[in-house]
Number of protein chains: 2
Amino acid sequence: MPDLPFLPFCTLLGSLGLGCVAFVSAWCQYWRGGFAWDGSARMFNWHPLLMVTGMVVLYGAAALVYRLPAAWRGPKLPWKMLHGMLALTAFILAVLGLVAVFSFHNASGTPNMYSLHSWLGLATVLLFSCQWVAGFGAFLLPYAPVWLRALYKPVHVFFGSTILMLSMASCVSGINEKLFFSLKNGTATVPYKLLPPEAVFANVLGLLIILFGVLVLCALAKPSWKRPEADSLDTHQPLLGAEH
Amino acid sequence: MPDLPFLPFCTLLGSLGLGCVAFVSAWCQYWRGGFAWDGSARMFNWHPLLMVTGMVVLYGAAALVYRLPAAWRGPKLPWKMLHGMLALTAFILAVLGLVAVFSFHNASGTPNMYSLHSWLGLATVLLFSCQWVAGFGAFLLPYAPVWLRALYKPVHVFFGSTILMLSMASCVSGINEKLFFSLKNGTATVPYKLLPPEAVFANVLGLLIILFGVLVLCALAKPSWKRPEADSLDTHQPLLGAEH
């Protein structure tokens, strides 16, 4: 691909990520009644906000840590810790996002875990938890031998992109589902099929999430933006020691 | 990633792809009234069948052509043509799949292109048409200079994976939407939220599509399965001559 500089691309990504968070907040605040933590529909609204912020935007930021030119020089350990911390924050937001939707369902007597969106979304979060634990165990704890780390690294990298892709599919199906629920024929002032402003706004949010995710995957795929491993003296230095 | 042999993996992928086509056919035939080309709901049923067969299964097969060990030896041109023909067939099925849903909507007075699923799905098919035309122009016609082909190739490869990923997100959101329509509270014998057998079956179809797509992306990402370019004598040989 053409050799663009990483930092302007990163600024574009940052703006797009903030745009996604702003769009999902505005949708829930302006059209869906705002936020509360009380089991009501306003508690549900935390679900899209926390999922988009955690599983897409923060997750994307975590994935790109090693592409920052500053991460190419000097010890790798602080960047590993930043990567792990951002991913952990993304995971905590995702868990809170799940608590929000389960609490809303339980309070309103709606069954949990029946739609394809919920199956895929939960599978994505579970996969992310495995990815985090395996990454922490292999790359930050001092117990994994070098050969196991080398074997696991491309698997971790592949699942890194895969989980982001599954998050995007979960977000799109979730936004689509929520719009059919909220803008139902017969009960909504203007139903989804007549494209009221809310529908256009939330559809655009869905496309923004896709654009952000595709650009993150593009940055991850670009060979010249990858951290040159040979430069690093402590590629294999774990958090609690340097046994290997 | 561990160095698995490609052909057994390919057999697994082939079975999974056939499984996706069988599942979507069985869903439409057994629970949704079968197939017809008459503007009715039975015409709509061609939409999921043609989209899954074209944009996921055939598209995945087209993407993997160069990973076949047979494609590594001898002239590249026949494999380029197979890649282009499979992609063209996938595209034709996708267009027919769009005709099926537009005709059904028009016959039943339902507006077109309002849901996020429809926006993302149409964007994916449009992107695929650009990818096909650009790929044909750059790699099969004799006019593109070598430097342009070399510049465009990684872009073509990146969008190859991206379009498959967007197809998967479109399929998941489409299946989810269709189940909410067909198994509506109040009109369906057992609504979606109580997980009747149809819902479980179609949710599993959604997960099978995701599994198939992720395994195709995994095969595409594996460095040892990539065609070694240096082996080929006619990497740059286009369809209508060998000017470059």
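What volume does the second largest pocket have? In this predicted model, the second largest pocket has a volume of about 1,200 Å³. A pocket here is an open set of points on a 1 Å grid over the protein atoms alone, with protein on both sides within 12 Å along at least five of seven lines, and lining residues have an atom within 4 Å of a point. Grid points are joined across faces, edges and corners, and the volume is the space filled by probe spheres set on the points.

A word on conventions: residues are numbered from 1 along each chain as its sequence is written, while chains are lettered from A and ligands numbered from 1 in the order in which they are written. Local features need pLDDT of at least 70, side-chain atom pairs count only at pLDDT 80 or more, and totals for chains, interfaces and linings use all residues; side-chain values use heavy atoms, with hydrogens and water left out.

Back at the second largest pocket, 50 residues line it, and the closest to its centre are Phe180(A), Tyr114(B), Glu177(B), Lys178(B) and Phe181(B). The elements giving two or more residues to this lining include helix H6 (146-182) of chain A and, from chain B, helix H5 (116-140) and helix H6 (146-182). H6(B) gives the most, with 10 residues. Helices are DSSP runs of H or I with at least four residues, strands are runs of E with at least two, and both are numbered from the N terminus. By class, the lining has 26 nonpolar, 16 polar and 8 charged residues. Ala, Val, Leu, Ile, Met, Phe, Trp, Tyr, Cys and Pro count as nonpolar, Asp, Glu, Lys and Arg as charged, and the others, Gly among them, as polar.

**Helix packing**

Axes are lines fitted to C-alpha atoms over the stretch in contact, and angles run from 0 to 180 degrees between N-to-C directions.

| Helix pair | Angle | Axis distance |
|---|---|---|
| H1(A) and H7(A) | about 155° | 9 Å |
| H5(B) and H6(B) | about 155° | 9 Å |
| H7(A) and H5(B) | about 40° | 9 Å |

H1(A) and H7(A) are therefore roughly antiparallel, and H5(B) and H6(B) are likewise roughly antiparallel, whereas H7(A) and H5(B) are oblique. Angles under 35 degrees count as roughly parallel, over 145 as roughly antiparallel, 65 to 115 as roughly perpendicular and the rest as oblique.

The contact of H1(A) with H7(A) has 23 nonpolar, 2 polar and 1 charged residues. For H5(B) with H6(B), the contact has 11 nonpolar, 11 polar and 3 charged residues.

**Annotated stretches of chain A**

An unreviewed UniProt entry gives "domain: Cytochrome b561" for residues 12-221 of chain A; such annotations may be inferred rather than shown by experiment. Over residues 12-221 of chain A, the chain is 77% helix and 0% strand, with the end C-alpha atoms 17 Å apart. The unreviewed entry also places "transmembrane region" at stretches including residues 81-104 and 155-175 of chain A. Residues 81-104 of chain A are 100% helix, with end C-alpha atoms 35 Å apart. Residues 155-175 of chain A are 100% helix, with end C-alpha atoms 30 Å apart.

Technical notes
1 Å grid on protein atoms, 1.4 Å probe; cavity = no way out; pocket = protein on both sides within 12 Å on 5 of 7 lines; lining within 4 Å.
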